[in-house]
Amino acid sequence: MENLPLLVPLVILTPALGAIVNFFVGAKLGEKWSGYIGCFASIFAFIISLLLLTYVTGTDGAAAVVNPPLVDGWLRIESIGLEIPWQLRVDSLSVTMMLVVTGVGSLIHLYARGYMHGDKLYPRFFAYLNMFLAFMLTLVTANNFLMLFVGWEGVGLCSFLLIGFWWDKKMPEGWKNSNAARKAFIVNRIGDFGLLMAMFLIFWTFGTLDFYKAGELPNTEAKYLAGWREHNGLADHSDDDAKSADGDKQKDDGHGGSYVCEPAGPAAHDDSHGVESGYGAPNPLASDIRAIYCDNHHFDTDYLGVFGQTQERFGTGETVDFGGFQMAFDDVIFLIALFMLLGVTGKSAQIPLFIWLPDAMAGPTPVSALIHAATMVTAGVYMMVRANVMLWELNHGGYVIGLIITLVGSGTALMAGYIALGQWDIKRVLAYSTISQLGFMVAAVGIGAYVAAMFHLVTHAVFKALLFLGSGSVIHGVEHGRHHAREHSQGQDDDDDHHDQEFDAQDMRNMGGLRRRMPITYITYLIGTLALAGIFPFAGFWSKDEILADAWYEGFQLNELSGFIAFGILLVAAAFTAFYMWRQIVLVFFDEARSEAARQAPESNGAMLLPLVVLAIFTCVIGLINVPKATPIFSNIYESYEFKHFLEHSLLSVSRGHSLDFNLLIAGIALALGIASIVVAHNVYKGKGLTPDNGDQLERHASSRVAFRLANARLYWDEIYSKAVEQPFNRLATFLADRIDWDFLHNYFHDSIIKRGFDSIAKLLGQPFDLGIIDGAVNGVAWLVQRLANWMRGMQTGYVRLYAVVIFIGVVAVILLMLLPFIQTMLQSGS
Amino acid sequence: MDLTGLSLTTITLFIPMIGLVILLFMNGETQRDNIKWVAFGTSIVAFVAAVLMWVNFDPSVAGLQMAQRNTWAEVSLGESVINISYFVGVDGISLLLVLLTTFIMPIAILGSFGSQIFEERGREKLYYIFMMLLEWSMIGVFVVHDLIIFYVFWEVTLVPMYFLIGIWGAEERIYAAVKFFLYTMAGSILMLIAILYVGNKSGTFSTYSAAGDVGVIEMVQSYEGEGSYWDPAPDEEEDTGFLLSSVESFLFLGFLVAFAIKVPIFPFHSWLPDAHVQAPTAGSVILAGVLLKMGTYGIVRFNLTMFPEAAVAWAPTIAFLGVVGIIYGAWVSYAQDNVKKLVAYSSVSHLGFVVLGIFALNSQGLQGATLQMVNHGISTGGLFLIVGMLYERWHTKEMADYGGIWKMMPAFGAISLVISLSSMGLPGLNGFIGEFTILMGSLGSKYLGFAFTLIATLGVIMAAVYLLKMFQHVFMGEHRNPLSDETRYKLQWNEIAAFIPILIMIFWIGIQPIVFFNMLDISVDSIAALFAP
């Protein structure tokens, strides 16, 4: 059991290997084996993740730090103590992410075998998918910021490759695809800039980029625990959950018992690059720390990673000296958090950097499901939850970071939800829905509900992957239907070809009635929709409700502004969610088919349906991993807050309002709102005879026309960015290149000022110096100018060889001269 | 210690000369096929010799290793007698750059195998002779520690490059060659004056101490009187007037201008696009790969060690120019429609990072800068190879004429993507390691501030902007100009052979840079120690 974390490098290596094999020999292996390899790599990683899960649960929440073999060091400069290793971390948070990534990832790999069938770049597709998994798993298993950044940019690269996967489609669509890919990469880079800045600040503030040092105890809460114990005059475990309601400074230490001043645990093992377990660890470092801690109730900061140090040093009034400038420690943390937030807005598609995600739908649908819904885009949320210590300290130190994050998150949730109301493209609706749901998670982080954020991340990964795969199945079906239709109508309709060109298999106006054509897709899609809309008892109900309950608690109980904001805005966003999803269900599956393609659309094949069914089942049950306390009926069956207790082992600051009882009022409000939205949407769209020409129901009514058109135009974000950023950027580039660099520096400055000035000085000097007044250096210049002029003339008249020979003779002479003393010494020593 | 014996450094230095002599005695017409092999073989032997030096190198020792010093001449200047000596040797910085030079050279030679330029212009023998001469002089620049000899090598590098551009270059080669020569030469004159002053003042041209003779650096560092070594009487208005009034400042600038033009530091870069665009492929590869590094190397080797106080005083100014170069170079690069020009301007941006790292004046910055010299050599050298191979096939440098090449040449597209990513600093590849260390160093620098790092880091975004523009326009999109000869879509063996070492280094430095940092650590730290409190 203790050695299980040693397997964690395999989680990254297997997909990496799969990628390499598929990349180099995939074409020779053929579609079948290439798909097998891709799926196997992913499933294998999933199995390892499960083993790691048993490790974490089996050891009651231990955290392990693993140095992979062969490449244990990375960036190390000894003289200045810079040490950034390749180092992996296994704790409940990273295992959660691993399971999501490999679990959902495996299903999507299986699905892609069906979806990509027949594509000529099939092996390369699986190579990219596997490569993505490898980078994503690097991101979530990293034990330091720099390694996280490797994964962070690596997934960005894979996203670039996969969004642009069909760049060679017929122009202009192919060009649009590659544009979308480029846009995604560049916008993400803006976020990466923030993360880079955060890392520089972190390094100079903490002297390390490690999250936690090997052997550092997770979930110790040293400072507060010590204070709490002192206050209570005892050194005992407290009952979990019992003390939740009355304040913010108490910590759970009952679970995991990771704070235990006892001799090292069982089963010592000394593997040189082995596991350094969080507690019960045999290595001397860990016991040293424990000794120091148990003696002094205080960590030596040299033994602490970034987050441990944050706890120790925050609020002490310390100043950080960067060399060129000084800054208060607390302010530095605030700055770090702000820069990190910029990174999050890029990767997790928040205002203002979300604009790449809708375009990213240009990629194949499995990519949209895996990368742009379930996993990669949640990396930002994961990072903030990882850095929860910093955010928590800032919130408690009077900084407004929580409020800022809440504003960004809930603003995004509302804005994207609104835009989704007016979209026609089935994937685009889901894209904006993803942005909106990511906004929910970010807002949850903002109000300090880290567990809720992670919970929603997990459930969302499942049901949004389901929805995307479902939409892929729909698109696949409609496209096949279109082929059927074409074959049947060949030669009968002259307009057909022209019509066919404009046919968009993703436009919901071309769908309708698919409920009967694609029953399994329909049912699974319905389940996903209900989950997303937050309808009981599907996954989304539990997670969304938890965010709302936390926001409510934060606002109405603790009187935090961020809580009020989050609660109010997210409630509206949740209503939007239910509305646009039901609109989608009606447009796609209900009524009569509105195109020949939809009329003939076949149900997808088994390879695609199986993942849908599995995901649908998970959508039904995954919410039960974190049932609130005192939930009627459910609490009797399931342990409450299981997921929360699991995560507690890696979240140092367990959020405040987290052990809330099930709040029937809030659950009722959210549920009623969701159902009401569905009913309204149903009445608005069902049986209204929509065609591509007569517009949306909302557009037909004067009262909602403007609102719909705004949503349909996506609030003009793209236009605004184009006008305000892209065009000025391009204009300035042209100006700098043509006017400043070429006309001024290159032509005018060089030719007119330097060259002509040089010539005239040379001429001026040339005349008087004929008289024989010679200064060494200046003469050299004049002489050289003359010589060069000669050379130039020589070049033009073809005497190059002559001059070459002259120079050669000169060079050889120089060499001989240089070697002369050396040869002399050699001769002398010889004789 | 007796340093007069033959050292490995000398052997490495003169291997290209041996190749050159062999080439001289070969017949350019009848032995045409053998010529390139002699050149290639020589460059490989030089590389092996450099690797041997690396094997012999002890990274835990500060100061020069494998040194050799023979008195060459004694010059009477005024009353004093000054020694000029053949003084070679390597520390970590020199060794790394010698390795880079000998690494790039065989690649550049391989890249010119079978080039159409020889069909057009002929003189293949002369071409390889110049390559050998170039390699010799470049290695010389990196290993010599006598100012006069350094100056000789420094100037000699101009000659072969001048001819490489002038004879085998593109349409406007004459203009570019002359401009390149004059521009860099003009800067060097100031350096020569400064060198003469230094020699006169200190009585030696040797920078390092050796065999009992105290070198300039030691004199400067062990000076204990008032003021500095160069300005013994403390300047009354040192705080306000230092920049312009002190001797040290003038000497510093004398060296710096020569180096700044070579780097090139903004705004001294206007020779660069001409030289790069007009030069033949191998010329561009060497120019970007090695020649530009001579400038940054010179700053580290001479400016920082001999004039530390002036370096401190000028650090914010020059680092500012570096930062301007990062953004400006990237921006101008983005606006180019000519692929080769785009890559050329990207050098201005990348070397801006190096300059920023150097003038952070701390260990991180300097180590990052030195490693980034190598990284830039590898990735930009690789980019120029790519451009050269494209040109060999399509005979155009205009981006608009390409498109869709990834589809036609999948392997070439993938390699180009990796090299582009390395150039834009994707973590896990080499470029990132250098940039990250530099930027980190700049934030912790005593002499710079937060704004330097903030703006320079924006350059990371810009790099993606211009490189992706190039990649998208050249490799994605519609394939507009199909080749008439289908077989040309395949990469030649020599092209693949040129790429493989580049790819290996990209991943090696990206994943395990420890080896290289170890090589640099002590050497760089001894320089950085000058600026530590």
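At what angle do the axes of helix α2 (residues 32–56) and helix α5 (residues 124–143) of chain B cross? They cross at roughly 10° and come within 9 Å, where axes are lines fitted to C-alpha atoms, for helices over the stretch in contact, and angles run from 0 to 180 degrees between N-to-C directions. The model is predicted: local features need pLDDT of at least 70, side-chain atom pairs count only at pLDDT 80 or more, and totals for chains, interfaces and linings use all residues. Residues are numbered from 1 along each chain as its sequence is written, while chains are lettered from A and ligands numbered from 1 in the order in which they are written.

**Chain A overall**

- Chain A has 31 helices and seven strands; helices (H or I, at least four residues) and strands (E, at least two) are DSSP runs, numbered from the N terminus.
- Among contacts in chain A with a separation of 6 or more, 78% join residues 24 or more positions apart; two residues are in contact if their C-beta atoms, placed from the backbone, lie within 7 Å.

**Helix α8 of chain A**

- Seven of the eight residues of α8(A) (residues 306–313) are buried, so this helix is largely enclosed by the rest of the structure.
- The buried residues are A:V306, A:F307, A:G308, A:Q309, A:T310, A:Q311 and A:R313.
- After α8(A) comes A:G315, with a positive phi near 80°.

**Contact between chains A and B**

- Chain A contributes 64 residues to the contact and chain B contributes 71.
- On the chain A side, the elements giving two or more residues are β2 (75–77), α4 (145–163), α5 (173–206), α29 (717–769), α30 (776–797) and α31 (800–830).
- The largest share of that side, 14 residues, comes from α5(A).
- The chain A side divides into 43 nonpolar, 14 polar and seven charged residues; Ala, Val, Leu, Ile, Met, Phe, Trp, Tyr, Cys and Pro count as nonpolar, Asp, Glu, Lys and Arg as charged, and the others, Gly among them, as polar.

**Helices of chain B**

- α2(B) and α5(B) are roughly parallel to each other, the term for angles under 35 degrees (over 145: roughly antiparallel; 65 to 115: roughly perpendicular; the rest: oblique).
- Residues making this contact include B:R32, B:I35 and B:K36 of α2(B) and B:E124, B:K125 and B:Y128 of α5(B).
- The contact residues of this pair divide into six nonpolar, two polar and five charged.
- In α13(B) (residues 281–306), 26 of the 26 residues are buried, so the helix is largely enclosed by the rest of the structure.
- α13(B) bends by about 45° at B:L287, the bend being the angle between axes fitted to the seven residues ending there and the seven starting there.

**Backbone exceptions**

- Most residues other than glycine have a negative phi, and most peptide bonds are trans.
- The peptide bond from A:F536 to A:P537 is cis, with omega near 0°; A:P537 is in the loop between α19 (519–532) and α20 (539–557) of chain A.
- The peptide bond from B:F266 to B:P267 is cis, with omega near 5°.
- A:L715 has a positive phi near 55° and is partly exposed, with 15 other C-beta atoms within 10 Å.
- B:M66, in strand β1 (residues 65–77) of chain B, has a positive phi near 50° and counts as buried, with 23 C-beta neighbours inside 10 Å.

How values were computed
A residue is buried if 20 or more other C-beta atoms lie within 10 Å of its own, exposed if 12 or fewer, and partly exposed in between; C-beta atoms are placed from the backbone.
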